[in-house]
Amino acid sequence: MLVLTAIAVVRMRSLFAIAMLSGVFSLLSALLFVTLDAVDVAFTEAAVGAGISTVLVLGTLALTSRFEKPTKRSPVLPLFVVFVTGAALIYGTLDMPNFGSPEAPAQMHVGPDYLEDSVHEINIPNVVTSILASYRGYDTLGETAVVFTAGIGVLLLLSGLRRRRRDDEEDESEEV
Amino acid sequence: MGFELTQEYILGHLNYWLFSVLMMTGLYIVVAKGNLVKKIVGLNIFQTSVFMLYISMGKVTDGTAPIFPLDMDVDPDVIYSNPLPHVLILTAIVVGVATTALGLALIVRIQEEFNTIEEDDILKIERAIVQTENAIHGDAMGGRA
């Protein structure tokens with residue numbers, strides 16, 4: 001399903017349909033996160049990926065054009081790059097532990113410590129919350145800094161939009 | 001490399017291969033398509049498949065979501081999936097949306113300046129600008145602007 005949606009995004013020319021399909025993609029991935037036990041991630045993905053991202057893309061479409069022009073470039077070089085990268089990635093996964101294996105390196109180090117210690121150290125039922133806000137609080141602080149910077153960037157890029165448009169209209173009326 | 005293509009091996013690695021295919025679909029959109037909005041959507045697909053890769057690494061067979069009972073009376077026999085990848089990906093999703101918003105704002109600004117969001121057209125306009133500048137200032141700068 002996810003692969004089908006992604007391929008549909010490749011083929012579609014109507015940007016409106018692409019925005020909707022990317023929302024579908026996010027929602028499907030949120031379902032996948034639920035089955036992989038990551039309920040917090042699924043919440044965030046459904047709210048942020050399927051919700052906010054789609055709204056942002058639709059807002060951009062309202063300010064720009066709604067259709068993609070067919071490109072004249074040949075797809076051979078991109079396809080070659082993609083296949084080489086994909087082959088390298090799959091070669092890299094050959095050494096990985098089996099899916100769901102409890103002996104995987106990812107399951108060996110800090111993960112179990114968090115699960116054992118947070119019961120008496122933090123005393124919050126949701127381990128994800130206690131790691132996010134307490135053990136790795138500095139990460140979350142950095143994240144808010146990134147979001148703040150991005151917000152300032154968006155405001156700076158878009159703040160002049162309305163003013164410039166008004167100036168253009170005044171110029172035209174003066175010339176007439 | 002010392003591995004056997006048994007059924008267990010294939011089933012245990014199918015998730016990684018599937019996410020690689022999704023990642024490559026996203027990369028193909030970013031590289032091959034000329035429309036800037038479509039590039040951003042492709043980048044999002046790439047991003048989400050990386051998230052899926054991470055989350056699938058944290059899954060433990062027969063595990064459940066890492067949330068304890070409300071009375072904090074933890075049963076030692078219950079297996080919980082690894083919560084650390086979940087935390088990292090939560091952060092990554094929010095940062096991803098921030099970068100998406102910034103990219104889309106840049107696209108709006110480009111549309112305002114060039115009146116198009118197709119990469120080919122933008123390149124054409126930029127080449128025309130360079131040529132006119134060469135024609136005007138070319139002599140003073142030794143034939144090169």
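Domain bounds here come from an automatic or database domain assignment. This is a predicted model, in which local features need pLDDT of at least 70 and side-chain atom pairs count only at pLDDT 80 or more, while totals for chains, interfaces and linings use all residues. Residues are numbered from 1 along each chain as its sequence is written, chains are lettered from A in the order in which they are written, and side-chain values use heavy atoms, with hydrogens and water left out.

**View 1. Meet the two domains of chain B.** Domain 1 covers 11-68 + 75-114, and domain 2 covers 119-145. Their centres, taken over C-alpha atoms, lie 40 Å apart. Six residues of domain 1 and four of domain 2 are in contact (heavy atoms within 4.5 Å).

**View 2. A salt bridge joins the domains of chain B.** Here B:Lys39 and B:Glu119 pair up at 3.4 Å, N to O. A salt bridge is a side-chain nitrogen of Lys or Arg within 4 Å of a carboxyl oxygen of Asp or Glu.

**View 3. Chain A meets chain B.** The contact draws 87 residues from chain A and 79 from chain B. Together the chains bury about 7,700 Å², with 74% of it on carbon and sulfur atoms; buried area is the accessible area (1.4 Å probe) that two parts lose on being put together, summed over both.

**View 4. One salt bridge crosses between the chains.** Look for A:Asp37 and B:Lys59, whose closest N and O atoms are 3.1 Å apart.
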